[in-house]
Amino acid sequence: MARLRANDVGVPLVTDDGAPVVVRRSARRRRTVAAFWEDGKAVVAIPASFTKSQEQEWVRRMLAKLKRQGEQGSGRNKRRPATDEVLAAHAAHLSRTYLGGRAVPTSVRWVGNQNSRWGSATPADGTIRLSNKLQPMPQWVIDYVLVHELAHLVVAGHTADFWRLVEAYPETQRAKAFLEGVAFATSRGLPTDSDIDHPAVDLDS
Ligand SMILES: [Zn+2]
């Protein structure tokens, strides 16, 4: 069941996976409702005539449907990883939302050679790289890694100041636990010394 989170200060709706939800009202649309993925966002198209409560009801139903389709992996509606361009725009959004816009990355991109790292940042040139192993993970986990790496553009080390920045992102503890679980399952055994020394997300500079 899709769970909607919203508040009255204009924070957008998100899916269970943390993907943004866009409600699109159309005057041409009379009685049909549709939902689909577009650039990493869940779009719900409804008739312009819908009341606010009809909108809420149908957004809830359609997100649940979209989620079922995603779980069944039925082609077209399956969430696709954001392109590097979308990723960069999303990172800028996260920086504004959680870091007061203080982190301004020069590039954000997916990479396939991160080995044990989920993400890395180079404060000297403002670049951020995310492991493409994150792509199938929930959006709120990817967002945590992005916020973590963005925060490294402001504070290089894992200091108290650094974690204060990162913890402005509300899913930080949950996402860290998720990634530790993934790392544990992947290794299927005891972590190596370097895994103990460094959290799964680590600075690359
Ligand atoms: Zn780090």
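H148 and H152 are both buried (under 20% relative accessible area, with a 1.4 Å probe and protein chains only). This is a predicted model, in which local features need pLDDT of at least 70, side-chain atom pairs count only at pLDDT 80 or more, and totals for chains, interfaces and linings use all residues. Residues are numbered from 1 along each chain as its sequence is written, and side-chain values use heavy atoms, leaving out hydrogens and water.

**Zinc site**
- H148, H152 and H158 coordinate the zinc ion through NE2, at 2.0 Å.
- Donors here are N, O and S atoms within 2.8 Å of the metal (3.2 Å for Na, K and Ca); water is not among the atoms, so the site may look incomplete.
- The donor residues follow the spacing H-x3-H-x5-H.
- Helix α3 (residues 139-154) holds both H148 and H152, four residues apart, about one turn of the helix.

**Fold**
- The protein chain has six helices and six strands, taken as DSSP runs (H or I, at least four residues; E, at least two) numbered from the N terminus.
- Their order along the sequence is β-β-β-α-α-β-β-β-α-α-α-α.
- Of the 205 residues in the protein chain, 39% are buried.

**Nonpolar cores**
- A nonpolar core joins buried Ala, Val, Leu, Ile, Met, Phe, Trp, Tyr and Cys residues through side-chain atoms within 4.5 Å.
- The largest has 31 residues; L130, L134, Y144, L146 and L179 touch the most other members.
- At least two residues of this core come from each of α2 (84-98), β4 (107-111), β6 (127-131), α3, α4 (160-166) and α5 (172-187).
- Helix α3 gives the most, with ten residues.
- A second, separate core of twelve residues includes L13, V33, A42 and V44.

Key: Buried means under 20% relative accessible area, exposed over 50%, partly exposed in between (1.4 Å probe, protein chains only).
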